[in-house]
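Good morning, and thank you for joining. Please take a moment with the sequence and the model before we go through the sheet, the backbone and the charged pair.

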Amino acid sequence: MKFLKCLGLLILIMSCDDISGDMVTVLAPAESRILTVNDVNFSWNTLEGAEHYTLQIAVPSFDNTSQILFDTLIISPRFTKTLGAGDYQWRVSAENSGFKTRYITQSFTIEE
């Protein structure tokens, strides 16, 4: 963000980097990971120019969706969600006030 003082008025100028060609780097859970815990820690690297991230979780996948369990905007590149046993897909994209990256999608399984 940039601030500009003009004629005694403070004006906020939002910087809007074009992140549409960038990709979020996913850390966990990684593709095809089998988990034995119900508290799933989703994490990815921070993307420069991103103001927030869209995180979505589907059962069992986005191509064959029986249910979108979660769809939210978050600021932090980390999020914990309690899930039951089953097959899941999750995806994340970075956004700012003018641009959005494509989704990065990963599959994982939670075993009892």
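Let me begin with a definition: two strands are said to pair if DSSP finds at least two bridges between them. Strands themselves are DSSP runs of E with at least two residues, and helices are runs of H or I with at least four residues, numbered from the N terminus. On that basis, five strands form an open sheet in the order β4-β10-β9-β6-β7, with mixed pairing. At its edges stand β4 and β7 (65-74), each of which pairs on one side only. From one strand to the next, the twist averages 25°; here axes are lines fitted to C-alpha atoms, for helices over the stretch in contact, and angles run from 0 to 180 degrees between N-to-C directions.

A word on provenance. This is a predicted model, in which local features need pLDDT of at least 70 and side-chain atom pairs count only at pLDDT 80 or more, while totals for chains, interfaces and linings use all residues. Residues are numbered from 1 along each chain as its sequence is written, and side-chain values use heavy atoms, with hydrogens and water left out.

Leu35 stands opposite Ile110 in β10.

I turn next to the backbone. Most residues other than glycine have a negative phi, and most peptide bonds are trans. Where does the model depart from this? The peptide bond from Ala28 to Pro29 is cis, with omega near -5°. Pro29 belongs to the loop between β3 (26-28) and β4 (33-35). That loop between β3 and β4 also holds Ser32, which has a positive phi of about 65° although it is not a glycine. Ser32 is exposed, at 54% relative accessibility; buried means under 20% relative accessible area, exposed over 50%, and partly exposed in between, with a 1.4 Å probe and protein chains only. A further cis peptide bond runs from Val59 to Pro60, with omega near -15°. Pro60 is located in strand β6 (residues 52-60).

Finally, the charged pair. How many salt bridges does the structure hold? There is one, a salt bridge being a side-chain nitrogen of Lys or Arg within 4 Å of a carboxyl oxygen of Asp or Glu. The partners are Lys100 and Glu95, whose closest N and O atoms are 3.6 Å apart. Lys100 is partly exposed, with a relative accessible area of 37%, whereas Glu95 is buried, at 14% relative accessibility.
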